[in-house]
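This briefing goes through one protein model, from individual backbone features to the overall fold. Please keep the sequence and the coordinates open while reading.

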Amino acid sequence: MTIRPLILLPDPKLRQASRPVERIDDDVRKFADDMLETMYDAPGIGLAAIQVGEPRRLLVLDVAEKDAPPAPQVFINPEIVARSDERSVHEEGCLSIPDYYAEVERPAAVTVKYVDLDGKEQVVEADGILATCLQHEIDHLNGVLFIDHLSKLKRDMVVRKFKKLAKDRPPPERMVG
């Protein structure tokens, strides 16, 4: 498994819509393992493929309680097929927007259709943190960030801050070979 570098705001790739995964093979399974390792290393509870520079409709989650054993989940081509009218507010953060957190209101429950690593279609009815996390990561697959759910003023402040940080960040080391 490989820990992959995370893409950070304001990288324009984060605004790309991801394309469906056509075939589930060993490459996709290895990529999902790499994503899980990257997510755990960060550390985070969710990661979309675009956050490691791959515009594929694939995300990984682990919303297990802190002291519980890991419970990794892989969602391929996830699609929200139903949303509750009831709303809930959770504080969200994002591995691509480090050290910034904000309260976001979303549907309290969602039904998500997806394909698992065995190529079987699945449906999950989610509420609580799982519903929030699924919505957050599926947003990523559509080029939407959690800050897009904030007021324009707050969003603009965050984007300005991260643009300045990106300017001050040293360029990534070039690999020779």
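This is a predicted model: local features need pLDDT of at least 70, side-chain atom pairs count only at pLDDT 80 or more; totals for chains, interfaces and linings use all residues.

N77 sits in strand β3 and has a positive phi of about 50 degrees even though it is not a glycine.

**Backbone geometry**

- Most residues other than glycine have a negative phi, and most peptide bonds are trans.
- D99, which lies in strand β5 (residues 97-107), also has a positive phi, near 65 degrees, in a residue other than glycine.
- Another cis peptide bond joins A42 and P43, where omega is about -15 degrees, and P43 is found in the loop between α1 and β1 (46-48).

**Overall fold**

- The protein has three helices and seven strands, which follow the pattern α-β-β-β-β-β-β-β-α-α when read along the sequence.
- For 177 residues, a compact globule would have a radius of gyration near 16 Å, and the protein agrees with this at 16 Å.
- Taken along the principal axes, the C-alpha atoms fill a box of roughly 45 × 45 × 35 Å.
- Of the contacts with a separation of 6 or more, 64% are between residues 24 or more positions apart.

**Nonpolar cores**

- The largest nonpolar core has 17 residues, and those with the most contacts inside it are L59, L61, F75, V112, V124 and L134.
- The elements that give two or more residues to this core are β2 (58-61), β3 (73-83), β6 (109-115), β7 (121-127) and α2 (128-141), and α2 gives the most, with six residues.
- Leaving aside neighbours within four places in sequence, L134 is in contact with L59, L61, F75, V112, V124 and A126.
- A second, separate core has 16 residues, among them V21, F31, A32 and A49.

**Selected residues**

- H136 lies in helix α2 and is buried, with a relative accessible area of 7%.
- When neighbours within four places in sequence are left aside, H136 is in contact with E92, G93, C94, R106 and F146.
- P5, found in the segment before α1 (26-41), counts as exposed at 68% relative accessibility, and P5 touches Q51 and V52 if residues up to four places away in sequence are not counted.
- P5 and V123 are 118 residues apart in sequence, and their C-alpha atoms are 30 Å apart in space.
- K163 is found in helix α3 (residues 152-168) and is partly exposed, with a relative accessible area of 47%.
- The C-alpha atoms of K163 and L9 are separated by 7.4 Å, although these residues are 154 residues apart along the chain.

**Surface and charge**

- Buried residues make up 42% of the 177 residues.
- The protein exposes about 10,300 Å², of which carbon and sulfur atoms supply 51%.
- There are 25 positive and 32 negative charges, and the mean positions of the two sets are 9 Å apart.

Methods
Residues are numbered from 1 along each chain as its sequence is written. Side-chain values use heavy atoms; hydrogens and water are left out. A nonpolar core is a set of buried Ala, Val, Leu, Ile, Met, Phe, Trp, Tyr and Cys residues joined through side-chain atoms within 4.5 Å. Buried means under 20% relative accessible area, exposed over 50%, partly exposed in between (1.4 Å probe, protein chains only). Helices (H or I, at least four residues) and strands (E, at least two) are DSSP runs, numbered from the N terminus. Contact means heavy atoms within 4.5 Å. The radius of gyration is taken over C-alpha atoms; the globule rule is 2.2 Å times the number of residues to the power 0.38. Accessible areas come from the Shrake-Rupley method with a 1.4 Å probe; for residues, only the protein chains shown count as cover. Lys and Arg count as positive and Asp and Glu as negative; His and the chain ends are not counted. The place of a charge is taken as NZ of Lys, CZ of Arg, CG of Asp or CD of Glu.
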